[in-house]
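Please look through the sequence and the model shown below, and keep both at hand while reading the report that follows.

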Amino acid sequence: METEMAVYTSYEKFRDDLKQELEKQVEGFVRIGYKLKLARDTQILKGSGYRDYHEFAWEEHRLDRSVTSRYISINDRYSVGGNSEELKPEYQGYGYTKLAEMLSIPDAIAEKLDPSMSKTEIRQIAGEIKEEHRITDLEVMMEEQQEEPGELTFIQQVLYQYFRDQRESFRELAPILGGLEYAAGDPEKIMDIMAPAGTAVIFVRLKGIGKIMMHLKGTEQDIQLQNTRTMETVASGWTEFCGEMKGIFSGRDLTDPEKAWEDIYQEPFGEKPEKAEKKPKAKVVVPPKKEKIAPAQKESEKPAREEKQPEPEAPLPAEPQQKEEDPEKIQIPGQDTILNYPECLPGDWPTKARVDGETVPAAVEKTPEERRKDCMLLTEEIGKELKWGSYRAALELAKELMEHLEVMAR
């Protein structure tokens, strides 16, 4: 039976309708977490025959401990008041997979992110923070301080290291850096080079201080520089930012950028990375700059779009390997069973039920290798929960870890 497709009178109407559907999808995950918390914290399961909410979640919906914990963590963090069925306004528009990636990012950093970021970009930010926190506070204190010319402000220290790492940016910005004072057009020129897409997150690591996240969100908003270890944030307006940037190189002749860079940093400008001494590098998380194409341009004359190679999809911490489909791209209807949310179910543990008229195979026992991988993931997830003070969640994950270890030790 054929059905007619919805007719939209404008792109804006289509876009808004799709956005509403995606927001409903995220709110559904928040509500699931809330209902699991009811099963955990109230007497609603009394008389059901189940020992606890974990047994209920597994027997009724095939949700294991780690997945259940993730739903609850999403509700704890993203629902209004930390315990409701309503998604916080500031997290509208992210999508489930983005919010799941953000669980490992501290709130003080997550609140500075933007819904326009892709899942891959958020994952890169989480990876940068995770990498920094592998270094202990004591190791940071023992690091040899940066070699810098004279007394620099905090903003200047970050920019000085940024230009050390990003030589091409220095070359392109040299005409601005050589200027004596702030100029009205400087912000646009700087944004075009440092954040060509209009927004960017740039990581710069300072020895003895830690990794700094520099967030540029256009020339109408202040620049945010945040220490990913202490979460301290320094905001700078563009007038101040441009002045600080120029002040680093005050009195230097920058007419020959490469020679000037070599004089400042005492390194060959063209030194190949593999031969250079290993140093902390500034890393930029930035969307690709969109190419403008004239409307009348023929299809055959359009420049080929440079395809961005996607990063290998890694499973979220503490969850069995997911299916290939991206949960963010799957439309989730409003059925009354979690079995109709296949992207949320553990990919390695099939279920036996009727889903949209199809029978799903029964659950199978995990192999020793699968259990070993789960143990490693659970150990990492427990560490994260302890770090952010989520002791209840850490306890639940520890119970699952013990169950795996007991089976493996037999």
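## A buried arginine and its partner

Arg167 has a relative accessible area of 13% and is therefore buried, where buried means under 20% relative accessible area, exposed means over 50%, and partly exposed lies in between (1.4 Å probe, protein chains only). The side chain of Arg167 meets that of Glu267 in a salt bridge, with 3.6 Å from N to O; a salt bridge is a side-chain nitrogen of Lys or Arg within 4 Å of a carboxyl oxygen of Asp or Glu. Arg167 belongs to helix H9 (residues 167–177) and Glu267 to the loop between H12 and strand S5 (283–285), so this pair ties together parts that are 100 residues apart in sequence. Glu267, at 10% relative accessibility, also counts as buried.

## How to read the model

This is a predicted model, in which local features need pLDDT of at least 70 and side-chain atom pairs count only at pLDDT 80 or more, while totals for chains, interfaces and linings use all residues. Residues are numbered from 1 along each chain as its sequence is written, and side-chain values use heavy atoms, with hydrogens and water left out.

## The chain as a whole

The secondary structure of the protein chain comes to 14 helices and seven strands; helices (H or I, at least four residues) and strands (E, at least two) are DSSP runs, numbered from the N terminus. Of the 410 residues in the protein chain, 41% are buried. The accessible surface of the protein chain is about 24,000 Å², and 51% of this surface belongs to carbon and sulfur atoms; accessible areas come from the Shrake-Rupley method with a 1.4 Å probe, and for residues only the protein chains shown count as cover.

Among the contacts in the protein chain with a separation of 6 or more, 59% are between residues 24 or more positions apart, a contact meaning heavy atoms within 4.5 Å.

## Other salt bridges

The structure holds 24 salt bridges. One of them joins Lys37 and Asp76, whose closest N and O atoms are 2.7 Å apart, and this pair links distant parts of the chain, with Lys37 in helix H1 and Asp76 in helix H3 (residues 65–78), 39 residues apart. Lys37 is buried, with a relative accessible area of 4%, whereas Asp76, at 39% relative accessibility, counts as partly exposed.

Another salt bridge is formed by Arg205 and Glu143, with 3.1 Å between the closest N and O atoms. This pair, too, links distant parts of the chain, since Arg205 is in strand S1 (residues 200–206) and Glu143 in the loop between helix H7 (137–142) and H8, 62 residues apart. Arg205 is buried, its relative accessible area being 9%. Salt bridges that share partners join Arg205 and Glu143 with Glu132, Asp137 and Arg229 into one network.

## Aromatic rings

A pair of aromatic rings is described by the distance of the centres and the angle of the planes. Rings of Phe, Tyr and Trp (its six-membered ring) pair if their centres lie within 6.5 Å, and planes under 30 degrees apart count as stacked, over 60 as edge-to-face and the rest as tilted. By this rule there are twelve aromatic pairs. In one of them, Tyr160 and Tyr265 form a tilted pair, with 4.8 Å from centre to centre and 45° between the planes. Tyr160 lies in helix H8 (residues 154–165) and Tyr265 in helix H12 (residues 257–265), 105 residues apart, and the pair links these distant parts of the chain. Both tyrosines, Tyr160 and Tyr265, are buried.

Trp238 and Phe241 form an edge-to-face pair, with 5.5 Å from centre to centre and 75° between the planes. These two residues are three residues apart in helix H11 (residues 238–248), so Trp238 and Phe241 are separated by about one helical turn. Trp238 is buried at a relative accessible area of 6%, and Phe241 counts as buried at 0% relative accessibility. Ring pairs also link Tyr160, Trp261, Tyr265 and Phe269 into a cluster.

## A glutamate in helix H12

Glu258 is found in helix H12 and, at 32% relative accessibility, counts as partly exposed. Leaving aside residues up to four places away in sequence, Glu258 touches Arg171 and Phe269. Glu258 and Arg171 are 87 residues apart along the chain, and their C-alpha atoms are separated by 6.7 Å.
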